[in-house]
Amino acid sequence: MIATAPGAAAGAGPAEEERNRMVVAQGFEAWRTGTGSPYDLLAPDASWTITGNSLAARTYPTREAFIREIIRPFNARMKSRLVPSVRKLYAEGDTVIAFFDAVGMARDDRPYANTYAWILEMERGQIVRAYAFFDSIAFDDLWRRVQPVQAGAPEP
């Protein structure tokens with residue numbers, strides 16, 4: 001059982017927990033197959049907090065801020081897309097925790113691999129708050145080492 005703040009899981013019964021877990025699982029499967037991603041589940045005003053001390057660690061107050069400042073520049077550093085492999089999805093109340101690995105090839109032909117834990121707070125099938133934990137050394141190495149492809153440049 002996952003401890004939550006009092007009232008955090010109010011109104012979220014077993015059926016809603018399973019729906020939340022399944023919608024996140026579908027987002028990860030879409031990411032794995034290249035047909036979408038869990039980011040598609042972000043509400044427009046969703047906040048995304050990258051914890052720790054990485055170069056990207058802070059709270060991004062909206063979906064667009066997070067996508068613009070982290071996801072697009074990250075993808076622009078990659079030669080092949082990041083592909084996740086989910087180890088486990090946990091759900092309790094309105095929260096889903098995703099524990100997964102992801103691997104891709106950077107533009108400098110060096111692999112990028114990391115392990116992540118995301119805590120995703122859900123409302124009406126959308127992510128409204130997220131907290132991401134990952135190996136900041138691996139992330140920072142990629143962020144410093146590989147320059148993102150410039151807008152308008154051909155994509156691989």
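**Entry 1: Glu 69 and its partner**

I began with Glu 69, which at 30% relative accessibility counts as partly exposed. The model I am reading is predicted. I then looked up the partner of Glu 69: its side chain forms a salt bridge with that of Arg 68, at 3.2 Å from N to O. Arg 68 is partly exposed as well, at 44% relative accessibility.

**Entry 2: Arg 72 and Glu 64**

I next examined Arg 72, whose side chain meets that of Glu 64 in a salt bridge of 2.8 Å, N to O. Arg 72 has a relative accessibility of 45% and is classed as partly exposed. For Glu 64 I noted a relative accessible area of 33%, again partly exposed. A search over the whole structure returned 12 salt bridges.

**Entry 3: Asp 108 and Arg 145**

I turned to the salt bridge between the side chains of Asp 108 and Arg 145, where the N to O distance is 2.4 Å. This pair links distant parts of the chain, its members being 37 residues apart. I placed Asp 108 in the loop between strand S4 (95-106) and strand S5 (111-123), and Arg 145 in helix H3 (residues 136-145). Asp 108 is partly exposed at 29%, and Arg 145 is partly exposed at 25%.

**Entry 4: Helix H1**

I checked the length of helix H1 (residues 14-33) against expectation. Its 20 residues should span 28 Å at 1.5 Å a residue, and the end C-alpha atoms lie 28 Å apart, which agrees. I recorded Asn 20, Val 23, Val 24, Gly 27, Phe 28, Ala 30 and Trp 31 as buried in H1. Viewed down the helix axis, the buried residues of H1 fall within an arc of 160 degrees, so they line one face. On the other side of H1, I listed Pro 14, Arg 19 and Gln 26 as exposed. The cover over the buried residues of H1 includes strand S3 (78-92), S4 and S5. Just after H1, I noted that Gly 34 adopts a positive phi of about 80 degrees.

**Entry 5: Ser 47**

Finally, I located Ser 47 in strand S1 (residues 42-50). Is Ser 47 buried or exposed? Its relative accessible area is 17%, and the cut-off for buried is under 20%, so Ser 47 counts as buried. Leaving aside residues up to four places away in sequence, I found Ser 47 touching Thr 59, Tyr 60, Pro 61, Val 128, Arg 129 and Ala 130.

Methods: Residues are numbered from 1 along each chain as its sequence is written. This is a predicted model: local features need pLDDT of at least 70, side-chain atom pairs count only at pLDDT 80 or more; totals for chains, interfaces and linings use all residues. Side-chain values use heavy atoms; hydrogens and water are left out. A salt bridge is a side-chain nitrogen of Lys or Arg within 4 Å of a carboxyl oxygen of Asp or Glu. Buried means under 20% relative accessible area, exposed over 50%, partly exposed in between (1.4 Å probe, protein chains only). Helices (H or I, at least four residues) and strands (E, at least two) are DSSP runs, numbered from the N terminus. Contact means heavy atoms within 4.5 Å. The expected span of a helix is 1.5 Å times one less than its number of residues. The arc is that of the directions from the helix axis to the C-beta atoms.
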